Every structure is written in C-alpha cells, then in structure tokens.
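Me: Can you walk me through this structure, one feature at a time? I'd like to learn how to read each one.

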Amino acid sequence: MVGQAQALGVAAPPQRVAVPEFEIVPVRAIPLVGVVVVGLIAAIESERLWPLEFFHIVGGGMWTGIDLFVGFIIGPIMPRLSVQARIEFMTRFMPKMLLLMPTLVAMTLVSGWQLANFTGDIAVAYPDHWWLTASYIVVGVMSVVAIGILEPANLAVLFELKKPAPDGELIGRLMRRFVYTAGITGLMQVATLVIMTRIATW
Amino acid sequence: MVKQERLPPVAELCVATMVLVVIGGTYIAAHVPREVPLALPTVLVVAAFALMAVNVGLFARVKEFAWGTFWLVFTRSLAGYGVISGLLVYVFVRGDIPGDVMGFLAASLVVYAIDIPLLLGFSVARYQAAGPERG
C-alpha cells in the first residue's frame, strides 16, 4: 500500500505552489458550535426521547457518513491530484474539519450515553451488553487514531502551509498519514454501523 | 525548524497516555450501571498520570523549540477539549454514576484534556522555527 501511494505521488518532490489565503480555525463558525452545545444540553435537560434521538442520530449519522466518505472516496482521490489541487483542497477542507468533527463526536457520544440511560439499554445484561462494549471499543480505537495521529498531522500541515515557503516533502509525509488513518476510521465506521443497527433493533 | 532527532518522544508518550485513558474509560463504561471493579482503572489512571508527568518533564527540558506556537495551539485546544471533557463529566454526573467511579472518570478526563492539547501543540510546533518564549 505504501509503495502504491508513493507511485501515485503522495510524497511528491518539493515544488513551488501557490497557497490560497485561509484561516486555520474558521472563527466565524465558532458560534454555530456554541449553538450545538447549548442545544445538546437542552436536549439532555428535557429528559425526552425525541431530542436525544435527534442529537444522537444526526450527529452519529454525519460522523459516520463523513468518515466513510473521507476514508473511501476523498482518501484514495487525494494522491491522484496535483500538488496544487491538493493544497487548494486541504486549505478549504481541513479548517472546517477541525471544528466540525470534534463537535459531531461530542454531540454523538454525550447524547448517546444519555439516550442509553433513558431507554435502559445501558442496563442490558451480558451477553447482549457486549454490543455496547464493542461500540465503546470501536469509539476508543477511532479516537486514538483520529486524535492521536490524524488531527496532529492535519494541524501541522495547515501551519506548514502558512509559511512563506512550505516544505512540500514534509506536507507529503504528513498527508500520507491522512490517507491511511482516514481509511482506518472508515473501516471502523463500518463496524459502528453494524453495532448500532443491531442495538436499535434488539 | 527544530532538529527533530533532538526532541524527546513527546507525541509517542502522548498517544500511549491516551491509550491508557481510553482502556480505563472503556473498562468502566463496559461495567456501568453494575458495580465497577476499580483495581484496573486505578492502575491505568495512575500510569496515565505518571506517563504524562514524565512526558511533561522531558518536554520542559527542551530548550530550542517554537514555544510561542506551542502555547498558541496548546491553549486553544485546551479550551476546545476542556469543553468536550466538561460535557462528558456533566452527562456522567446526570447519569447517576457512583462517586468513586465518577472520580476515576473525572481523573481520566483531566488527563485527556491536558494530553491532547500537549500532543497537538507539540506536533505543530516541532516543525516551526525555534523561538525564545517559554510561555
């Protein structure tokens, strides 16, 4: 896989590229995150099924969908793009992901825990409880991969692109991490779909 | 840019700390709402704190580093992950988690909320030009 990625030009040689103006964190979107957090707290305080279902399903559906799309569609396309196209894409895509993904993850996990308490699913006995435990393990692995490997690389790429002369080789190396870890989280999300549809129908 | 080979393995230790916290959290969550045996979570949370302390100690000895960039990223992400950790503590408290178990979860979330900003700050600043500020 590494050889294939190199052949596709992930580790492109350093070359002069035009970097568009961009914000590392899209500040204008922060109030939207605030609205989601307030809505989430209101949903929990309401102690009603529908708001909890709404936050868990909307957040989880978007999280899973984005991970699958990025892992299996964007990831394989990236190495085939020219360096200039990759930079244009990254400077527009990654800053949005920096705010969007932690918001979706927090929204899904917090409402999911409360929903499981509300419906009583959390108190289900083993062996059925293994489905819940499996979901915790999947989320744990995804969080280590996404926060421990993917996010630091994404941030480092964005800061590198802010330099007057970005290091193409470093960006290529960090972007390889993006391609592989996006694939891994995509696969983990397939497991999430299996687990969640099982829990919803037991 | 800072010479990479001179840097301590801060990122690797951060990820190792995160793995300990995730295992501990998963173990506790897998038992709730039944009684949670606290021996393993105790070992994991103590190990996570110890590893983080060693990591911070090694990192603090680095002289040539882009400290300005590090603190910029660290403080911003501390605010973000602080909010996420706060939300998780809130929902655990509302879920009637017993006090002793809540203590372990809160300790794990404290490690998590410091460890991730440390990882993000280090990962960005290691590729930036070294500066004099230490924050």
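Reply: Let's start in a loop: Pro127(A) sits between α4 and α5 of chain A. Keep in mind that this is a predicted model.

Me: What kind of peptide bond runs from Tyr126(A) to Pro127(A), cis or trans?

Reply: The general idea comes first: most peptide bonds are trans, and most residues other than glycine have a negative phi. Here, the bond from Tyr126(A) to Pro127(A) is cis, and its omega is near 10°. Chain B has a case too: the bond joining Val32(B) to Pro33(B) is cis, again with omega near 10°. Pro33(B) belongs to the loop between α1 (10-31) and α2 (39-60) of chain B.

Me: Let's zoom out, then. How many helices and strands does chain A have?

Reply: Six helices and zero strands. Read from the N terminus, the order is α-α-α-α-α-α. The C-alpha trace of chain A spans about 60 × 40 × 20 Å along its principal axes. Look at the contacts as well: among those in chain A between residues at least 6 apart in sequence, 89% join residues at least 24 apart.

Me: How do I read the length of a helix like α5(A)?

Reply: Compare its reach with what you'd expect at 1.5 Å a residue. With 33 residues, α5(A) reaches 46 Å from its first C-alpha to its last, close to the expected 48 Å.

Me: Where in α5(A) does a kink lie?

Reply: Look at Leu150(A), where α5(A) has a kink of about 35°.

Me: Which parts of chain A touch chain B?

Reply: Start with the totals: chain A puts 25 residues into the contact and chain B puts in 26. On the chain A side, α2, α4 (83-119) and α5 (129-161) each supply at least two residues. The largest share of that side comes from α5(A), with 14 residues. By type, the chain A side has 17 nonpolar residues, six polar and two charged.

Me: What about the largest nonpolar core: which residues touch the most other members?

Reply: That core has 80 residues, and the ones touching the most other members are Val110(A), Ala156(A), Val157(A), Ala48(B) and Phe70(B). Helix α4 (residues 99-125) of chain B gives the most to this core, 14 residues. Take Ala48(B) as an example: leaving aside residues up to four places away in sequence, Ala48(B) touches Thr17(B), Leu20(B), Val21(B) and Val111(B).

Me: Last one. Where in chain A is confidence lowest, and where is it highest?

Reply: Chain A averages a pLDDT of 88, with 92% of its residues scoring at least 70. Confidence is lowest in helix α1 (residues 2-7) of chain A, at a mean of 37, and highest in helix α2 (residues 30-46) of chain A, at 95. Over residues 1-11 of chain A the pLDDT is below 50, and this stretch has 17 contacts in the model beyond near neighbours in sequence.

Key
Residues are numbered from 1 along each chain as its sequence is written. Chains are lettered from A and ligands numbered from 1 in the order in which they are written. This is a predicted model: local features need pLDDT of at least 70, side-chain atom pairs count only at pLDDT 80 or more; totals for chains, interfaces and linings use all residues. pLDDT is the predictor's confidence in each residue, from 0 to 100. Helices (H or I, at least four residues) and strands (E, at least two) are DSSP runs, numbered from the N terminus. Two residues are in contact if their C-beta atoms, placed from the backbone, lie within 7 Å. Ala, Val, Leu, Ile, Met, Phe, Trp, Tyr, Cys and Pro count as nonpolar, Asp, Glu, Lys and Arg as charged, and the others, Gly among them, as polar. The expected span of a helix is 1.5 Å times one less than its number of residues. The bend at a residue is the angle between axes fitted to the seven residues ending there and the seven starting there. A nonpolar core is a set of buried Ala, Val, Leu, Ile, Met, Phe, Trp, Tyr and Cys residues joined through C-beta atoms within 7 Å. A residue is buried if 20 or more other C-beta atoms lie within 10 Å of its own, exposed if 12 or fewer, and partly exposed in between; C-beta atoms are placed from the backbone.
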